[in-house]
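Dear colleague,

Please find the structure below, handed over for your reference. My notes on it follow directly after.

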Amino acid sequence: MTIGNLAPKKERKSRKSKGVIDENAPLLPKGQEDVVFDEFNGASFTGAVFNLSTTIVGAGIMALPATMKVLGLVLGISMIIFMAFLTEASIELILRFSRAGKSASYGGLMGEAFGKYGKILLQISVLVNNLGVLIVYMIIIGDVLSGTSSSGVHHAGVLEGWFGEHWWTGRAIILLVTTLGIFAPLSCFKRIDSLSFTSALSVALAVVFLVITVGITVVKLFNGSIAMPRLLPDVTDVSSFFKLFTVVPVLVTAYICHYNVHSIHNELEDSTQIRGVVQTSLALCSSVYIMTSLFGFLLFGDGTLDDVLANFDTNLGIPYSSVLNDAVRVSYAAHLMLVFPIVFFPLRLNLDGLLFPSARPLVLDNMRFALVTIGLISVIFLGANFIPSIWDAFQFTGATAAVCLGFIFPAAITLKDRHNIATKKDKILSVFMIVLAVFSNAVAIYSDAYALFKNSSRRE
């Protein structure tokens, strides 16, 4: 995958000479930066790759095997690769127009192209997407560790299975300890590069899940207990054809990382490395996605659930099945805990920009930084505890906002072309991205609404 040369020949190679142009940028202006972070010489290439990869690989990885059930292996894997290239193209457009307009943030870029209301629309989209995603993360962590009940049936969590049902294995206590012990400390870092180690660990945990899934699949292949998977989609009527488009929002959500690109770019010691950072991150995540989708679908076939983690709640039919189930669930819960601060970082920046657009940079105001952080974490904690049935709603709104962040906004900026740098190819690509985003979301909304209506009619 290729992103063109994002840095002009005269562009600095060291962060020491890098200036931040926009006072509302996510990082500090140059004059203040040296006072506060005088020992910070810039983020490394490896740290930037892990941070961007962690932004990409969140909860979406668990929904990908289910896309194979809809598309079949051949079309499904092809779509994962295609969406990676499309994501790269949209990031390239964002960075190119940011450089032309000297914008140091996604919000600043939208503000330059569409004025105050364009920036506000971007900030609201990040809030909807990231707040919804983080609440869902916390709900999943509660389900995995403490258990969940649906349709009158209780599914024991890992801690309940190990220690039995106690007050300290309850959902509220587990989430409170997780919030105070993990989320709050990791959310207090003012630089995204400070999270590079935890990001590396979160990627490693995603790989652990993948390795266990591959191992189980290989064992079952040798046992002859895995049927030949479906290679192509099963299209029998118009309804089944339109259902194919419902996977597009899932794939877009799986690759959404645009809201963190500027923060990572601004902190790089050598800013010209952003090209390699994006390429490496997308290649790494695409590989993980393809392997997870392939082996997850091979393992569970047409019985693959929307969240493949739920498939690891039953007997796998191999030795040490319960141990492997627990290993998968615990590694995934730990992975989400470490993804949390990376997604929280832009959420805090955009909420602050929305509420205090004229204030000095957030990192210079410790009181405001603390209040915004505490307020957001409290809202996420309360949401995960008191409205745990909102999975579908937040998946729905998050996917819609993610499509805007990933496709519609970059395409709209390109078509606006305030600096007259867009080529004919750029504009054709932008129109394609908008049409794909709008059409697929409309079809997905219609299909979901139709399914809900059909299910409610059957109950009556």
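In which helix do phenylalanine 340 and phenylalanine 344 lie, and how many residues apart? Both are in helix H13 (residues 321-355), four residues apart, which is about one turn of the helix; helices are DSSP runs of H or I with at least four residues, numbered from the N terminus.

This is a predicted model, in which local features need pLDDT of at least 70 and side-chain atom pairs count only at pLDDT 80 or more, while totals for chains, interfaces and linings use all residues. Residues are numbered from 1 along each chain as its sequence is written, and side-chain values use heavy atoms, with hydrogens and water left out.

The whole structure holds four aromatic pairs (rings of Phe, Tyr and Trp, the last by its six-membered ring, with centres within 6.5 Å; planes under 30 degrees apart are stacked, over 60 edge-to-face, the rest tilted). One of them joins tyrosine 255 and tyrosine 289 edge-to-face, at 5.3 Å centre to centre and 75° between the planes. Tyrosine 255 belongs to helix H10 (residues 247-255) and tyrosine 289 to helix H12 (residues 274-300), 34 residues apart, so this pair links distant parts of the chain. Both tyrosine 255 and tyrosine 289 are buried (under 20% relative accessible area, with a 1.4 Å probe and protein chains only).

The pair of phenylalanine 340 and phenylalanine 344 is stacked, because the ring centres are 6.0 Å apart and the planes lie at 15°. Phenylalanine 340 is buried at 0% relative accessibility, and phenylalanine 344 is buried at 0% as well. Ring pairs also bring Phe183 into a cluster with Phe340 and Phe344.

Yours sincerely

Notes:
Helix = DSSP H or I, 4+ residues; strand = E, 2+ residues; numbered from the N terminus. Buried < 20%, exposed > 50% of the residue type's maximum accessible area, 1.4 Å probe, protein only.
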